[in-house]
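Please read the following account with the sequence and the coordinates open beside it.

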Amino acid sequence: MAITTNPFEPPRTLDLDAASGAPREPMVVPKAALNELADGAAWVRRLARVTAAFLAVDVLSAIATLSRPVDPMMMITPLLGIAADTTIAALLLMSLRRYAYASERIQRGDDSAVGQIVGAQSYYFKVTAIAVVLGTCLWLWKVIAYVVACRLRLEHGA
Amino acid sequence: MTTTELDDGTSEPQQPVALTDWQLGRLRKAAGWARFVAIGGLTAAGLAAAATFVFPEQIITSDGVVVVSQLIDVIVFCASTIGAAVFLSRYGRNVTLYLTGDPPALTRAFRHVRRFFMLWTFAAGFAALMQFLSVWKNF
């Protein structure tokens, strides 16, 4: 602590910051953690393939919806859902491919790829969070539409 | 400590990898998003389960027949989402421990991410299959 003329003076903020002057310890990634990342490569590749299949099914679903002879206004909600699904699946696929590539680099012994994996993890979870929020909102919208339709049916029936 | 093979067949010790400040920031963000996904996923699973009880007509036809595929869909969605939420929250907690100075916690965090990917591969595969069957039926 710095010497002051007043012994009863409260400590300054800088005095409490012990690490501010001293060099900080580097945050090392343990070898076991790298092994976990390398072991996960196969599963990330499989998930990327499944996500690609999901994307293909979404495209098929869009074609099926568009080929149905119904009122275009009735198609808005399913098409919005399919568009959101497809965009999210494409973004997830992109981050998974990046993740898988970095995991393979670690498997080959290039430990510096851990930074790329951390970036891919962050991006993947961010897109998943957006998907969860969008999915929940869309689902709530469907439930509200269902409840309104039920009420209207009851009113017309009465 | 790992080793790298040199041209003459000998090996030299490889320096352990240290994360840069930017990478640590990304790791912190990843943990935050993972926790968000865990909470959001649990909320979605809870809503889906509640809706099944509140609107049973979604899985039970007017003849009183339970639509098994719909029921299985809801059960698989809830179970896999709860499992994924557990793995992701553990990942977030262990990353926080690592950032506060517990290096082995990073190994645990990455193990939980690997398990999350394993579980999610099956869940996403099932969802893709169900969607494909639904499209096939409506074609």
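In this predicted model, the side chains of B:Arg108 and B:Asp102 meet in a salt bridge, with 3.4 Å from N to O; a salt bridge here is a side-chain nitrogen of Lys or Arg within 4 Å of a carboxyl oxygen of Asp or Glu. B:Arg108 counts as partly exposed at 32% relative accessibility, and B:Asp102 is likewise partly exposed, with a relative accessible area of 25%, where buried means under 20% relative accessible area, exposed means over 50%, and partly exposed lies in between (1.4 Å probe, protein chains only).

Because the model is predicted, local features need pLDDT of at least 70 and side-chain atom pairs count only at pLDDT 80 or more, whereas totals for chains, interfaces and linings use all residues. Residues are numbered from 1 along each chain as its sequence is written, chains are lettered from A and ligands numbered from 1 in the order in which they are written, and side-chain values use heavy atoms, with hydrogens and water left out.

Chain A has 5 helices and 1 strand, and from the N terminus on its elements run α-β-α-α-α-α; helices (H or I, at least four residues) and strands (E, at least two) are DSSP runs, numbered from the N terminus. Of the 158 residues of chain A, 36% count as buried. The chain exposes about 9,600 Å², of which carbon and sulfur atoms supply 66%, the areas coming from the Shrake-Rupley method with a 1.4 Å probe and, for residues, only the protein chains shown counting as cover. Among contacts in chain A (heavy atoms within 4.5 Å) between residues at least 6 apart in sequence, 65% join residues at least 24 apart.

A salt bridge within chain A spans such a separation: the side chains of A:Glu104 and A:Arg45 meet at 2.8 Å, N to O. This pair links distant parts of the chain, since A:Glu104 lies in helix α4 of chain A and A:Arg45 in helix α3 of chain A, 59 residues apart. A:Glu104 counts as partly exposed at 25% relative accessibility, and A:Arg45 counts as partly exposed at 28%.

An α-helix has 3.6 residues a turn, so residues three or four places apart point the same way.

The closest N and O atoms of B:Arg114 and A:Glu36 are 2.8 Å apart, and A:Glu36 is buried, with a relative accessible area of 9%. A:Glu36, B:Arg111 and B:Arg114 are linked in a network of salt bridges.

The interface as a whole can now be described. The contact takes 52 residues from chain B and 52 residues from chain A, and the two chains bury about 4,500 Å² between them, 75% of it on carbon and sulfur atoms; buried area is the accessible area (1.4 Å probe) that two parts lose on being put together, summed over both. B:Val17, B:Phe110 and B:Phe117 supply 15% of the area that chain B buries against chain A, more than any other three residues. The count between chain B and chain A is 2 salt bridges. The elements that give two or more residues to the side of chain B that touches chain A are β3 (18–19), α1 (21–54), α2 (68–99) and α3 of chain B, and α3(B) gives the most, with 20 residues.

Finally, the surface. A:Val59, A:Leu60, A:Ile63, B:Leu129, B:Phe132, B:Leu133 and B:Trp136 form a nonpolar patch with about 670 Å² of accessible area together. Patches are made of residues with over 30% relative accessible area and no salt bridge, like charges being joined within 9 Å and nonpolar side chains (Val, Leu, Ile, Met, Phe, Trp, Tyr) within 5 Å. α3 (41–67) of chain A and α3 (104–138) of chain B each supply at least two residues of the patch, and the largest share, 4 residues, comes from α3(B). A:Leu60 lies in helix α3 of chain A and counts as partly exposed at 31% relative accessibility.
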